[in-house]
Amino acid sequence: MELGRGGSGNVLPRPVPGSYGVPFVSAVRDRLDFYYLQGQDKYFESRAEKHGSTVVRINVPPGPFMARDPRVVALLDAKSFPVLFDVAKVEKRDVFTGTYMPSTSLTGGYRVCSYLDPSEPTHAKVKQLLFSLLASRKDAFVPAFRANFGALLDTVESQIAGSGKSNFTGLNDATSFEFIGEAYFGVRPSASSALATGGPTKAAKWLLWQLAPLTTLGLPMILEEPLLHTVPLPFFLIRSDYKALYAYFAAAASDALDDAERLGLSREEACHNLLFATVFNSYGGFKLLLPRILSRVAEAGKGLHERLAAEIRGAVAGGEVTMAALEKMELTRSVVWEALRLDPPVRFQYGRAKADLEIESHDAKYAIKKGEMLFGYQPCATRDPRVFGATAREFVGDRFVGEEGRKLLKYVYWSNGRETESPSVDNKQCPGKNLVVLVGRLLLVELFLRYDTFTAEVGTNVVITGVTKAA
Ligand code: HEM
């Protein structure tokens, strides 16, 4: 019998290759590789290559002093990654941000839904609350999106007329915040006296306080290392920002909070959870996703724009943008899935092995011990050439069109589950899954109802440089 070959059948599992190096020193050195010397993709790809395995032992950031233990087993292919979705095999308690957890003072003293394992009773209550909220507001999403992003595109046009360009990323930061508040609670955050127009800035600070250990702002290493990656940023500096965000939710979300009480949650715990699901999960997601969709579509060029415009205008046929019309837009939806596949906004997923396990990659079977931290770097899994072939790293807008295309959907993992599966109170799949794909489609609909084509410069920000209005 051969050791660890073939990946299935009666093959003995092999130990996971790789090494964590010298405690502390190697973890810091690896962090510098991750942020400054190699960059994220190279960091993981080079280690997989070195050990000839897509399941490999590595340190992950932030390491000392932020995280007690940076050692993980990394899953870097489409076959091994999905073990992270199986809550019978992995525990998801306090692993949302990985090997460190932000202070609960940033969430009112509560461990919010994203940090709860489904075995904890509060998980099902909060997740049910979110399902009910989204279901109760389903008719609000399309009009709220169109009003807010229609106004954004008016601004884009006037800025292009004035200075020849318009920073979509910056405009999206403000617009997504308004859109989500209006869509979820029927109250624009800018209408709240506590927030006024300061909501997006307060939200961005609060997000940074939680994600600093995993963030680089492009500052010199000598500043970022002590400021962002070594010790937590103190909560007192943003206490008043959090209070203002909370005040908006306490007032705007009163119907949802009534619902929460019926589900057995206190208003306070529910309100901190709604804040988190709205500002961290939803706003944090749309801040990243919408500019990425736009940049991929801009780079794809006029040929794709013409096809999208034809499909979208054909389905809407001069009428309203309805769910029925959206369902007819197969290419549009495929473009959104393709952007989510290539650039998953949440790149890291974690779970702790609940028992001794065997994990299979395409090539081998590996033995994992109970308690080991499993880590998936999603871009490696969703750009796996063994699944997506020679074009795995390219943007192919119509990849998921037609019956053959649909077969690949089960390898799209952005929501912490397969795109062919659904979130439930018993799993950890994103409850915003359908809404996210809807919003991505609505961005394309808004663009191509107005424009035949557009151009943009893609860098840290996506800057629209020209639009050609529909005849
Ligand atoms: C969980 C991605 C939007 C609410 C997750 C997870 C991912 C994810 C990867 C699993 C994290 C983990 O446990 O490892 C995204 C992306 C979004 C997005 C990329 C947008 C582009 C939303 C929206 C909501 C939402 C709109 C609104 C309800 C949540 C919640 C969880 C979650 C509450 C925790 C689920 C649980 O504990 O079972 N999301 N999400 N997300 N997401 Fe989303």
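How many cavities of 30 Å³ or more does a search of the whole structure find? Colleagues, the search finds two. Please keep in mind that this is a predicted model.

I begin with the largest cavity, whose volume is about 50 Å³. Its lining is formed by M101, P102, S103, T104, T107, Y110, R111, V112, Y115 and Q210. Sorted by class, these lining residues comprise five nonpolar, four polar and one charged.

The second largest cavity holds about 40 Å³ of space. Around this cavity we find F177, I180, G181, P189, Y248, F249, T278, V279 and Y283. The elements contributing two or more residues to that lining are α5 (168–185), α8 (239–252) and α10 (267–300). Seven residues of this lining are nonpolar and two are polar, with no charged residues.

I turn now to a pair of helices. Two packed helices are described by the angle between their axes and by the distance between those axes. For helix α13, residues 330–342, and helix α17, residues 433–450, the angle is about 120° and the axes lie 9 Å apart. The crossing of α13 past α17 is right-handed.

Which residues meet in this pair? From α13 come T332, R333, V335, V336, W337 and L340, and from α17 come V437, G440, R441 and L444. In terms of class, the contact of α13 with α17 contains six nonpolar, two polar and two charged residues.

How values were computed
Residues numbered from 1 in each chain as written. Predicted model: local features only at pLDDT ≥ 70, side-chain atom pairs only at ≥ 80, totals over all residues. Heavy atoms only, no water. Axes fitted to C-alpha atoms, helices over the stretch in contact; angles between N-to-C directions. Helix = DSSP H or I, 4+ residues; strand = E, 2+ residues; numbered from the N terminus. Left-handed = near helix turned anticlockwise from the far one by under 90°. Contact = heavy atoms within 4.5 Å. Nonpolar A, V, L, I, M, F, W, Y, C, P; charged D, E, K, R; others polar. 1 Å grid on protein atoms, 1.4 Å probe; cavity = no way out; pocket = protein on both sides within 12 Å on 5 of 7 lines; lining within 4 Å. Points joined across faces, edges and corners; volume = space filled by probe spheres on them.
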